[in-house]
Amino acid sequence: QITTVSGNEFLLQSDIDFLILDWFHAIKNAIDRLSKERSCTSRNLEFKLRRSSSIELLNSLDIESKEPKPEHRKSLIFRLNYSASDTNDRNRVKSRLKKFISRRPSLKTLQDKGLIKDQIFGSHLHVVCEHEKSTVPQFVRLCIKAVERRGLDVDGIYRVSGNLATIQKLRFVVNQEEKLNLDDSQWEDIHVVTGALKMFFRELPEPLFPYCFFEQFVEAIKIQDNATRIKSIRSLVKKLPRPNYDTMKILFEHLKKIAAKESVNLMSTQSLGIVFGPTLLRPEKETGNMAVHMLYQNQIVELMLSEYSKIFGSEED
């Protein structure tokens, strides 16, 4: 997911590891090249592209109004013969706008008054759970029920991407409304539901596998002895915060049902590992070991699906 300086967001998706790496290096090279080519003449453009606050934009009006314009444009845009009263009126309007903007209530105030609802997408998992008084977000439960009701036999379930515009629409509905009916005809494409569920996990500020556990899971998956590896993964899973553990358990139980229908939907544990590995766990700061990390991420998810009963079962199991 890429966010530009102008605030536009782009989501690039692929199940092919080397293709993702090519994208990553191409984007990184482009950013590096732009930073080298930046010059003083581009600063004005950079300022305009930057996501400025409203007050900054108002302040910039003075600068822009003083910039000389080509002679042939003056007659087309403005007649630069403003009287002193015109200037005073403009200054007065700007002053009032600045006061209005500076007195705007904070986001927390608007949320406390119920004017802005708490967001589901993009919020920390524990915050969503605390708000709903549960340990598994209701949206996750609804998506899983919808997929198990009408998506277990669908070819490429979770691998095939749904329409991004419809997924964004569903995201908006979830963030704005308390009640959600995934059986509504506008969500009839099950790939929209799976796409929204993956987006929910992808947009968590901290992934389902918390950052502080990432290296520990990577070290555990490197263990050669299978029994010891499973025991180590199980021990780490048991240490997770309750919302993370409960949400992980219900999600992996669901994905295990998907894998059980591999002969129909063509989604093996390996395929699901490729899809969900980078979504559910990632390092807090990406290093040059991106390809290696991606391999371990996939393997961790794959192992936890294959050995679900041993990892999430009771001690007696």
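Okay, let's start with contacts, meaning heavy atoms within 4.5 Å. Among the contacts in the chain with a separation of 6 or more, 72% are between residues 24 or more positions apart.

A word on what you're looking at. This is a predicted model, where local features need pLDDT of at least 70 and side-chain atom pairs count only at pLDDT 80 or more, while totals for chains, interfaces and linings use all residues. Residues are numbered from 1 along each chain as its sequence is written, and side-chain values use heavy atoms, with hydrogens and water left out.

So how confident is the predictor? pLDDT is its confidence in each residue, from 0 to 100. The chain's mean is 81, and 73% of its residues reach 70 or more.

Now the overall layout. There are 17 helices and two strands in the chain; these are DSSP runs numbered from the N terminus, helices being H or I with at least four residues and strands E with at least two. Out of 317 residues, 34% count as buried, which is under 20% relative accessible area with a 1.4 Å probe, protein chains only.

Next, the inside. The largest nonpolar core has 67 residues, and Tyr158, Phe209, Phe252 and Met304 have the most contacts inside it. A core here is a set of buried Ala, Val, Leu, Ile, Met, Phe, Trp, Tyr and Cys residues joined through side-chain atoms within 4.5 Å. Take Phe209: leaving out residues up to four places away in sequence, its partners include Phe217, Leu280, Phe252 and Met304.

Helix 13, residues 242-260, and helix 16, residues 290-306, have axes that come within 9 Å and cross at roughly 75°. That makes helix 13 roughly perpendicular to helix 16, a label for angles of 65 to 115 degrees. Helix 13 brings Met248, Phe252, Leu255 and Lys256, and helix 16 brings Val301, Met304 and Leu305. By class, that's six nonpolar, no polar and one charged.

Helix 13 has another partner, helix 7, residues 125-132: they pack at about 90°, axes 9 Å apart. So helix 7 is roughly perpendicular to helix 13. Here Leu125, His126 and Cys129 of helix 7 meet Pro243, Asn244 and Thr247 of helix 13.

Key. Axes are lines fitted to C-alpha atoms, for helices over the stretch in contact, and angles run from 0 to 180 degrees between N-to-C directions. Angles under 35 degrees count as roughly parallel, over 145 as roughly antiparallel, 65 to 115 as roughly perpendicular and the rest as oblique. Ala, Val, Leu, Ile, Met, Phe, Trp, Tyr, Cys and Pro count as nonpolar, Asp, Glu, Lys and Arg as charged, and the others, Gly among them, as polar. pLDDT is the predictor's confidence in each residue, from 0 to 100. Buried means under 20% relative accessible area, exposed over 50%, partly exposed in between (1.4 Å probe, protein chains only).
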